[in-house]
Structure formats: structure tokens, C-alpha cells
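Take a look at the model below.

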Amino acid sequence: MLENVSAEPSHPTKDVTQHVGYVLKRTQAALRGAMDKVLREHGLTVPQYATLELLALHPGMSNADLARATFVTRQSGNVVLRGLQEEGLITRPATADHGRARPAHLTEEGNARLAAVQAAVYAIEQRMVEAIPAQRLAVLLADLDRMAAALEE
């Protein structure tokens with residue numbers, strides 16, 4: 001429960017477009033729009049791309065783990081995995097060895113599709129971070145992590 005929290009913003013502006021949350025959302029929307037455009041050319045969505053990236057780093061992740069890591073519900077994550085599986089980009093066993101988790105793995109085609117789009121997606125992030133001085137990036141990332149952690153408590 002929040003106690004002693006002022007209804008006033010933590011800064012003097014009354015203009016909502018100058019609030020931290022608004023600016024974060026604007027940045028996220030710009031990033032998502034740029035990624036959508038590039039990924040569409042490769043037949044992928046942002047959640048599909050994120051899933052391929054994560055499976056390249058951590059083969060065998062479950063739907064639940066992938067859903068959490070890609071910021072979607074388990075149901076949406078399952079839809080993403082089914083779509084990727086139907087396109088031949090990932091494989092999952094038909095049944096779980098134990099429990100309900102069915103570990104997912106990239107196929108050769110999944111690795112190729114990811115490789116084909118990575119440079120374009122990384123260029124978007126590079127363009128975004130080049131807008132701030134390089135020496136401030138580590139501080140920005142740490143600040144954003146602390147802000148997320150403060151809201152996850």
C-alpha cells in the first residue's frame with residue numbers, strides 16, 4: 001500500500017507530455033513502430049522476433065518463460081509459438097516429458113530468419129542510443145532498471 005504519496009507529479013510541469021511515464025511510452029511507441037516496419041518485411045511481429053532472439057540465447061525455454069520474457073500473456077505466447085512452429089521456425093515436442101512445459105528450439109530456418117533481420121533491428125536500437133551521449137548510456141540503463149524494479153515491488 002502506498003502511503004504519504006502526493007498526487008502532484010514529482011516535477012513542476014503540469015504538461016502530461018513532460019511526465020516520465022509519457023516520455024517512456026512515447027519512446028516505446030517509436031521503437032515499436034520502427035521495429036514493426038522492419039520486421040514486417042521479414043514476415044515477423046515484435047513478439048515473434050523477441051521469441052526467436054530469446055530461443056537463440058536460451059534454447060529450450062518453455063512457453064511460460066518466453067511469455068514472461070516477451071511481455072505477453074501465456075495464452076498470447078502460445079499463439080506466437082504455434083505460429084512460429086507452423087512456419088517451421090521453431091520445434092517443440094508434441095507432448096511434455098514431465099509437467100506441461102514443452103521446450104522450444106530454433107530450427108535451421110528459424111536461425112536463418114533471425115540472422116536475416118537482426119542487423120536491421122540492431123540498427124534501430126543503435127540509432128536510438130546514439131541520440132544520447134555514450135557516457136550516459138550505462139546510467140540510463142541502470143536508472144530504467146531501478147524504475148522498473150520500483151514498480152514491480
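## The largest pocket

The largest pocket has a volume of about 1,900 Å³. A pocket is an open set of points on a 1 Å grid over the protein atoms alone, with protein on both sides within 12 Å along at least five of seven lines. Volume is the space filled by probe spheres set on the points. This is a predicted model: local features need pLDDT of at least 70, side-chain atom pairs count only at pLDDT 80 or more, and totals for chains, interfaces and linings use all residues. Residues are numbered from 1 along each chain as its sequence is written, and side-chain values use heavy atoms, without hydrogens and water.

The pocket is lined by 44 residues (an atom within 4 Å of a point). Thr-27, Gln-28, Leu-31, Met-128 and Leu-144 lie nearest its centre. Helix α6 (a DSSP run of H or I, at least four residues) gives the largest share, 11 residues.

## The largest cavity

The whole structure has one cavity of 30 Å³ or more. In a cavity, a 1.4 Å probe fits but cannot get out. The largest cavity holds about 40 Å³ of space. Its lining includes Thr-51, Val-80 and Leu-81.

## Where α2 meets α4

Helices α2 (residues 46-57) and α4 (residues 74-86) pack at about 75°, with axes (lines fitted to C-alpha atoms over the stretch in contact; angles run from 0 to 180 degrees between N-to-C directions) 10 Å apart. They are therefore roughly perpendicular (65 to 115 degrees).

Pro-47, Gln-48, Thr-51 and Leu-52 in α2 meet Val-80, Leu-81 and Leu-84 in α4 (heavy atoms within 4.5 Å).

Notes:
Helix = DSSP H or I, 4+ residues; strand = E, 2+ residues; numbered from the N terminus. Parallel < 35°, antiparallel > 145°, perpendicular 65-115°, else oblique.
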